[in-house]
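My notes follow in the order I took them.

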Amino acid sequence: MNGLPLVSVLLTAYNREAYIGASIESVLGQTFGDYELLITDNCSADATVDIAREFARCDRRIRVVVNETNLGQFGNRNRAARLARGEFLKYHDSDDIMYPHCLETMVGMLR
């Protein structure tokens with residue numbers, strides 16, 4: 001075992017303070033636990049980053065990265081993919097909710 005997560009969940013965000021907490025909670029509620037949650041923020045002007053960092057303080061699987069400039073939607077997604085450490089990547093939008101068995105099902109099929 002190399003200590004790296006099997007899955008990198010890539011959550012890209014921009015001004016999503018109303019949604020990001022529930023989105024993060026849905027990832028943390030997964031039945032499959034070998035993942036990192038990488039949150040890349042695209043220079044939000046609201047409390048998105050504060051909310052994400054609060055979750056990161058409570059769970060070591062969460063990494064929060066704030067871009068120096070707004071990279072646009074796809075630039076932010078590409079940056080997240082470059083920073084990922086997992087073998088498999090799962091994009092998860094900052095206003096999405098993930099079913100608890102999502103990663104378990106996906107990893108089973110990918111393997």
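Before the pockets, a reminder to myself: a pocket here is an open set of grid points where a 1.4 Å probe fits, with protein on both sides within 12 Å along at least five of seven lines. I also keep in mind that this is a predicted model.

**Second largest pocket.** I started here and read off about 180 Å³ of space. Eleven residues line this pocket, and Gly3, Pro5, Tyr35, Arg60 and Arg61 are the closest to its centre. I sorted the lining by class and got five charged, four nonpolar and two polar residues.

**Largest pocket.** This one holds about 210 Å³. Its lining runs to 13 residues, with Thr12, Ala13, Tyr14, Gln73 and Ser94 closest to the centre. Which elements supply at least two residues each to that lining? I found strand S1 (7–13) and helix H3 (72–83). H3 gives the largest share, four residues. By class I noted seven polar, four charged and two nonpolar residues in the lining.

**Strand S2, buried or exposed?** I went through S2 and found seven of its seven residues buried, so I wrote the strand down as mostly covered, with buried meaning under 20% relative accessible area. Next I checked which way the residues point. Tyr35, Leu37, Ile39 and Asp41 go one way, Glu36, Leu38 and Thr40 go the other, and all are buried. Tyr35 had already turned up in my notes, among the residues closest to the centre of the second largest pocket.

**S2 and its partner S1.** S1 and S2 run parallel, and I count seven bridges between them. One pair I looked up: serine 8 has glutamate 36 in S2 as its bridge partner. Together with helix H1 (residues 20–28), S1 and S2 form a β-α-β unit, and I noted it as right-handed.

**S2 and its partner S3.** How many bridges join S2 (residues 35–41) to S3 (residues 62–66)? I get five, and these two strands also run parallel. The chain goes from S2 through helix H2 (residues 48–58) to S3, in a right-handed β-α-β crossover. For individual pairs, I looked up leucine 38 and found arginine 63 as its bridge partner in S3. Isoleucine 39 stands opposite valine 64 of S3.

**Where I stopped.** My page on S2 now has parallel pairing with S1, parallel pairing with S3, and burial of seven of its seven residues.

Methods. Residues numbered from 1 in each chain as written. Predicted model: local features only at pLDDT ≥ 70, side-chain atom pairs only at ≥ 80, totals over all residues. Heavy atoms only, no water. Pairing = 2+ DSSP bridges. Right-handed = clockwise from strand over helix to strand, strands pointing away. 1 Å grid on protein atoms, 1.4 Å probe; cavity = no way out; pocket = protein on both sides within 12 Å on 5 of 7 lines; lining within 4 Å. Points joined across faces, edges and corners; volume = space filled by probe spheres on them. Nonpolar A, V, L, I, M, F, W, Y, C, P; charged D, E, K, R; others polar. Buried < 20%, exposed > 50% of the residue type's maximum accessible area, 1.4 Å probe, protein only.
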